[in-house]
Amino acid sequence: MEGECKRRGEGQVEIGVMMEAVHKVEAAPPQSTVDKMKLRFKETFFPDDPFRRFKGQPPRRKWVLGAQYLFPILDWAPNYSLSFFKSDLGISYAKLANLPPIIGLYSSFVPPLVYSVLGSSRDLAVGPVSIASLIMGSMLRQAVNPNTDPFLFLQLAFTATLFAGIFQASLGILRLGFIIDFLSKATLVGFMAGAAIIVSLQQLKNLLGIVHFTKKMAVVPVLSSVFHNTHEKKLKRLLFVQWSWQTVVMGISFLAFLLLARHVSIRRPKLFWLSVGAPLASVIISTLVVFLLKAQNHGISIIGKLKCGLNRPSWDNLLFDSTYLGTTMKTGIVTGIISLTEGIASGRTFASLRGYQVDGNKEMMAIGLMNIVGSCTSCYVTTGAFSRSAVNHNAGCKTAMSNVVMALTVMVTLLFLMPLFAYTPNVVLAAIIIGAVIGLIDVPAAYNIWKLDKVDFLVCMSSFLGVIFISVQQGLAIAVGLSIFRILLQTTRPKTIALGNIPGTNIYRDLHQYQDAKRVPGFLILAVEAPINFANTTYLNERITRWIENENSMEDKETNLQFLILDLSAVPTVDTSGISFLIDLKKSTEKHGLELTLVNPMGEVMEKLQRANEIHDFLGVNSLHLTIAEAVFSLSSQNKLQQQEVSSALFI
């Protein structure tokens, strides 16, 4: 044996020596069915092991840790200091400029207080976000006109917020946060870009001073309202008269100012306060201009008189009438998903920058309960906004107390400063919204997706085009459907690759990827890179059969195909259909004069193979090997021994 290995070269000597001891494939330690179910349940619903901190602790300490887990404020509040407060104070006043009066300010008072008690993120700044807010408004406008029936519109908004909160909290309580993972990055990039365009187009009503405007959220109806408004054309006789030139001039001017401030902040991060303070400056300047020039008498639409006061209870305004129940539930689920995705993504992003972790399920519960309480206190759906959280992060906020500071600032505004907004022009609010959502159009991210994965780019574009040409919810549904379809394809059409040997080593790699890899004469070595289950056994059988036919039809092969090696290293699980497939494959290969060998079956796969072998007795002496190299060596040695025995018999 050693002489034979030496004749193969120095690199092969080490392989031959190592192959003298063939390792046994061992099964995982036996476990009861109950223990397996417990482990699977834990890994599915508690992958972060939230109870590990309770292990080995005395009962009193467990109660304290439990209270801190449910109410994170109990964790950081006892050690809170004046230096922390100075950091948390930050520049919270600047966030107010991004909030539309009146209900927008209401939604920035109660929810931040709730989140400061329940939230685990130090950087997350809570409040209404433009995309979720305007999607909710647009979806509810399809059922009721806020201009003709504002009270009913508010009732539907509060009810939709309640459903959003229940949905979000349920995901956290039931540990179903993985459902949000179906919104892939490609889906979100396309969705956010499409929603940003739709939201911006919707704001053309106030930016151009158009009175009659479509309620639909699609690019064609919106552009039709902008350029071909039949109703106003009959009234005004001239198309351009439907636009208010005073409003257009003011809107474009402030929009240019906001975009310039944002551009400067991006180019020079140290000047981030310019983009933060620009909306507030726009509100103040435009309000003064309108007040001094009496611009409301010259075609400039203003907010009008506002009353002072804190949030009023709104639980008696929740509407569960069957006429609108479907609309409010659908609106709540859509806006709940969008707001939850943005909130958790923002929290995790800034947590990674600060070096701490955010519990996704706890955040779902916090955001959900925040919206449930908000729906009962005159608030609509809120979440952690990325832009305002970036302000918190850059200002050096240390704890969730920044949300309390924000809420107190809003409280002062609601109690004493509301009359100052009476002359604020609607066109400036539209410019602020457009300036905010334009940042959601991430062209570099879409380009990177195109370079990395064309299928993901297709998902991204389907989400984008579906949102702008059909509707927000249908565009999102199309993208999620394509993502799920792709997962199903990967499951039902698992990747199988042919492996070859890297000369001078006992390493086997993909023949297509590694040009140096060589086929082993007489062997077909395949690797399956997915679970084997009922959904893909038919495909695997057809694909392996085709591999065998292709191998037998090769003209330049040195020897006939004798062995089929199936590498199961990348097969984590197998079901009864998968076991039946392996048994049938073993029988079919034997009929064609081939010997099937399985390499490195993992714990669960090995356990089921052993149980099946007790019934069907299909595993032979060389049916299982730990590595491909050992399988090749063992089968080659066996084949040579058989040939020698045949030669000896013939000689005799």
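Which loop holds N600? N600 sits in the loop between strand 7 (595-599) and helix 27 (603-616). The model is a predicted one: local features need pLDDT of at least 70, side-chain atom pairs count only at pLDDT 80 or more, and totals for chains, interfaces and linings use all residues. Residues are numbered from 1 along each chain as its sequence is written, and side-chain values use heavy atoms, leaving out hydrogens and water.

**Overall make-up**

- The protein has 28 helices and eight strands. Helices (H or I, at least four residues) and strands (E, at least two) are DSSP runs, numbered from the N terminus.
- Of the 652 residues, 48% are buried. Buried means under 20% relative accessible area, exposed means over 50%, and partly exposed lies in between (1.4 Å probe, protein chains only).
- Take the contacts with a separation of 6 or more: 78% of them join residues 24 or more positions apart. A contact means heavy atoms within 4.5 Å.

**Helix 11 with helix 21**

- Two packed helices are described by the angle between their axes and the distance between the axes.
- The axes of helix 11 (residues 185-202) and helix 21 (residues 426-438) come within 9 Å and cross at roughly 165°. Axes are lines fitted to C-alpha atoms, for helices over the stretch in contact, and angles run from 0 to 180 degrees between N-to-C directions.
- Helix 11 and helix 21 are therefore roughly antiparallel. Angles under 35 degrees count as roughly parallel, over 145 as roughly antiparallel, 65 to 115 as roughly perpendicular and the rest as oblique.
- The crossing of helix 11 and helix 21 is left-handed. That word applies if the near helix is turned anticlockwise from the far one by less than a right angle; clockwise gives right-handed.
- Helix 11 brings A196, V199 and S200 to the contact, and helix 21 brings I433, I434 and V437.
- Five of these contact residues are nonpolar, one is polar and none is charged. Ala, Val, Leu, Ile, Met, Phe, Trp, Tyr, Cys and Pro count as nonpolar, Asp, Glu, Lys and Arg as charged, and the others, Gly among them, as polar.

**Helix 17 with helix 18**

- Helix 17 (residues 322-354) packs against helix 18 at an angle of about 130°, with the axes 10 Å apart. That makes helix 17 oblique to helix 18.
- The crossing of helix 17 and helix 18 is right-handed.
- L340, G343, I344 and R348 of helix 17 meet G360, E363, M364 and I367 of helix 18. These residues divide into four nonpolar, two polar and two charged.

**Positive phi in loops**

- Most residues other than glycine have a negative phi.
- N600 has a positive phi, near 50°, and is not a glycine. With 22% relative accessibility, N600 is partly exposed.
- S378 has a positive phi of about 60°, and is not a glycine either. S378 lies in the loop between helix 18 (360-375) and strand 2 (383-385). S378 is buried, at a relative accessible area of 10%.

**A517 and its surroundings**

- A517 is in the loop between strand 4 (508-510) and strand 5 (523-528). A517 is buried, with a relative accessible area of 7%.
- Leaving aside residues up to four places away in sequence, A517 touches G500, N501, I502, R509, D510 and L511.
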